[in-house]
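These are my notebook entries on one structure. I set down what I looked up, entry by entry.

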Amino acid sequence: MKKAILPGSNLQPRRDWLFSLGPYVIIAIILLALPPFLSNYHLSILTKVLIFAIFAISLDLILGYTGLLSLGHAAYLGIAGYTAGILMVRYGLDSFWVVMPLGILAAGIAAAIIGYIALRVSGVYFLLVTLAFGQLLSVVAIKWRGMTGGTDGLFGISVPDLGLPGFAWTPSSFYYLVFIAFAVCFFLLSRITNSPFGRALVGIRENEARMQCLGYNTWAHKYIAFIIAGLFAGVAGVLFAPLYKIMVPAHLGLTTSAAVMLMVIIGSAGTLFGPVIGAALVVLLERIVSTYTPERWPLILGGIFVISVLFMRGGLGIYLSRFWRKVRPQYGNVES
Amino acid sequence: MDVLLANFLIGISFGFILFLLGTGLSLTMGLMRIVNLAHGALYMIGGYVGVAVARYCEGLVGRDLSFVVGILAGGTCTGLLGLLMETGFLRRLYKRELDQVLLTIGFVYILTNLAQWIWGPIPQSGITPSFLSGSIRIAGITLPMFRIAIIIFGLVAAAGLWFFQERTKVGAIIRAGMDNKEMTMGLGINLGIVFTGVFALGAFIAGFCGLIGAPLLGINLGVGWDALLLAMIVVIVGGTGSIQGALVGGLVIGLVDAYGKTFFPEFAYFTMYLVLIIILLFRPSGLLGRRIQ
């Protein structure tokens with residue numbers, strides 16, 4: 001069984017606790033200290049990495065932990081982004097405290113509706129249905145020109161106002177906002193996955209029939225997990241829209257859903273830190289390849305899909321956690 | 001009345017294309033539990049290769065024959081691609097659904113980008129041979145000849161596939177494999193070869209439709225995903241694993257789409273999703289589905 005090394009997952013010796021938390025602290029310090037050394041361009045890439053990391057860990061809750069093959073996860077990112085964007089561009093709302101929660105709420109409501117229908121089927125059928133809904137929403141975004149701007153996209157989205165006097169958004173303050181959101185989401189999701197509820201989700205992934213026999217209402221567990229994942233994807237969405245300054249129908253559809261699925265799988269589904277690494281890898285690779293041959297990026301992306309399936313079974317995160325266990329054998333061991 | 005009848009024929013002809021798109025997906029899903037997301041991309045490649053070959057042959061064998069050659073070439077090419085995908089990659093991934101999904105998505109990206117590399121980003125126009133151009137009048141309405149041809153061709157294909165699955169020994173093995181894989185293998189049947197054959201057959205049918213469906217769906221780089229989506233809706237509505245299911249699903253969706261476009265032009269694209277949602281709410285295994293896993 002795959003299991004994450006998470007803060008608090010093995011509490012016994014104090015030094016052990018330090019060891020499992022150590023990498024997170026170091027990475028957090030690096031991420032906090034980086035902005036002054038980066039140009040705005042590189043900072044925007046780093047911001048994008050963190051937003052996609054939020055997006056990827058939200059998918060991981062249902063894909064990695066619960067075992068639901070969702071290929072329509074971009075729908076919630078897109079709905080949150082579009083909602084926030086429409087409120088700002090079409091209705092002139094500019095308060096951070098109104099726009100952001102409403103965007104996230106919209107994603108949660110969409111997940112509640114779609115999940116209710118999609119969870120009637122399981123396995124690959126679930127995948128097909130979620131995929132169909134994602135495409136349906138991207139068609140809505142194309143057809144509803146008056147609201148969404150159609151294929152031209154909804155442009156002119158900015159970061160909503162925090163309401164603090166004398167405060168204006170800069171790329172680095174926006175980066176810190178994204179960082180805080182990422183840290184909060186990561187913490188919350190690690191609490192959720194380590195809670196009895198999260199354990200039950202893993203149980204459903206491993207053997208749903210057995211969980212039913214044990215008296216768990218597996219449908220409700222899956223449904224709630226689906227909605228939670230939608231809400232977290234919404235958090236990624238409301239940050240995504242101001243970063244890109246535009247929402248286009250493709251953000252709701254298949255290509256975005258497939259990309260985030262790849263991030264989760266490359267990084268190791270069923271761990272929280274894995275998808276973060278996956279998100280960083282895919283975003284950075286896209287950036288690097290696009291500077292050399294933007295035309296051939298889909299070809300290379302397709303190659304990454306194939307290679308990750310054939311040669312990196314389980315994902316990079318598994319290898320990293322194995323390595324980390326080797327480094328510190330004297331402090332007990334983490335199950336895997 | 002004329003409107004109803006005309007739309008009926010338009011819907012049926014679209015429905016048969018949908019049926020052809022859906023069967024391959026339905027067979028591989030029903031038998032092998034593989035969801036081949038590259039199914040639409042194979043259809044797209046079939047279209048591109050078909051047009052290219054037909055154009056090349058036009059000077060050699062004439063316009064009409066070159067159309068037939070193009071269709072066969074498209075089907076053969078994707079059949080071979082399917083063979084390659086199954087034996088080279090998917091064979092190692094049985095029962096690993098997530099990996100199959102990722103692999104086939106990877107193939108969509110690769111095939112689409114290769115098509116763009118070879119044929120450029122501009123959509124190709126289909127080929128209409130002389131015997132399919134023009135239109136005929138039936139019962140007071142005018143219908144393009146190619147729609148009639150699609151209906152006839154679809155009927156023949158449906159009958160052929162039904163006969164294959166229900167009345168031949170191989171078909172019996174395929175049905176047995178869908179119902180109980182272990183038992184079938186226990187009887188000494190090499191299901192591996194059957195799997196490869198069915199996957200290649202599905203890929204062949206997809207590519208075969210590429211040129212035939214061109215007047216309705218077009219041949220462009222986006223059609224890989226579009227065709228996949230249509231095939232998926234057909235499979236979910238009709239149910240997996242049977243020729244009849246794909247046929248019913250295709251015809252229902254085709255008719256709903258045709259009438260939807262006439263009566264609710266604003267929401268034309270959404271009518272088929274509405275059917276999908278209703279089916280999922282009230283009959284999740286599809287209209288004629290074999291059991292859902």
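In which loop is the place of A:K245? I found A:K245 in the loop of chain A between α10 (218–244) and β2 (246–247). I note that helices (H or I, at least four residues) and strands (E, at least two) are DSSP runs, numbered from the N terminus.

**Entry 1. Conventions**

I recorded that this is a predicted model, in which local features need pLDDT of at least 70 and side-chain atom pairs count only at pLDDT 80 or more, while totals for chains, interfaces and linings use all residues. Residues are numbered from 1 along each chain as its sequence is written, and chains are lettered from A and ligands numbered from 1 in the order in which they are written.

**Entry 2. Positive phi values**

I reminded myself that most residues other than glycine have a negative phi. I then looked up phi of A:K245, which is near 65 degrees, a positive value in a residue other than glycine. A:K245 counts as partly exposed because it has 14 C-beta neighbours inside 10 Å. The cut-offs I used are these: a residue is buried if 20 or more other C-beta atoms lie within 10 Å of its own, exposed if 12 or fewer, and partly exposed in between, with C-beta atoms placed from the backbone.

I also looked up A:S268, which is not a glycine and has a positive phi of about 105 degrees. A:S268 lies in the loop between α11 (254–267) and α12 (273–292) of chain A. Is A:S268 buried or exposed? A:S268 counts as buried, because 26 C-beta neighbours are inside 10 Å.

**Entry 3. Chain A as a whole**

I looked up the secondary structure of chain A, which comes to 14 helices and two strands. The radius of gyration of chain A is 20 Å, close to the 20 Å that the globule rule gives for 336 residues, so chain A is as compact as a globular protein of that length. This radius is taken over C-alpha atoms, and the globule rule is 2.2 Å times the number of residues to the power 0.38. The C-alpha trace of chain A spans about 60 × 50 × 45 Å along its principal axes. I noted that buried residues make up 47% of the 336 residues in chain A.

Two residues are in contact if their C-beta atoms, placed from the backbone, lie within 7 Å. Of the contacts in chain A with a separation of 6 or more, 80% are accounted for by residues 24 or more positions apart.

**Entry 4. Helix pairs in chain A**

At what angle do the axes of α3 (residues 74–89) and α4 (residues 96–118) of chain A cross? I found that they cross at roughly 140 degrees and come within 8 Å. That makes α3(A) oblique to α4(A). The contact includes A:A75 and A:Y76 of α3(A) and A:V99 and A:M100 of α4(A). Its residues divide into 16 nonpolar, two polar and no charged. Here Ala, Val, Leu, Ile, Met, Phe, Trp, Tyr, Cys and Pro count as nonpolar, Asp, Glu, Lys and Arg as charged, and the others, Gly among them, as polar.

I next took α7 (residues 171–194) of chain A and α10(A), whose axes come within 11 Å and cross at roughly 170 degrees. That makes α7(A) roughly antiparallel to α10(A). Axes are lines fitted to C-alpha atoms, for helices over the stretch in contact, and angles run from 0 to 180 degrees between N-to-C directions. Angles under 35 degrees count as roughly parallel, over 145 as roughly antiparallel, 65 to 115 as roughly perpendicular and the rest as oblique. A:V178, A:A181, A:C185, A:L189 and A:I192 in α7(A) meet A:I228, A:F232, A:V235 and A:L239 in α10(A). The residues of this contact divide into nine nonpolar, no polar and no charged.

**Entry 5. A buried proline**

I located A:P249 in the loop between β2 and α11 of chain A. A:P249 counts as buried, because it has 24 C-beta neighbours inside 10 Å. Leaving aside its neighbours within four places in sequence, A:P249 is in contact with A:S138, A:A141, A:I142 and A:T151.

**Entry 6. Chain A against chain B**

I found 32 residues of chain A in contact with 31 residues of chain B. Which helix gives the most to the side of chain A that touches chain B? α5(A) does, with twelve residues. By class, this side of chain A has 24 nonpolar, five polar and three charged residues.

**Entry 7. A leucine in chain B**

I placed B:L211 in helix α8 (residues 191–212) of chain B. B:L211 counts as buried, because it has 28 C-beta neighbours inside 10 Å.
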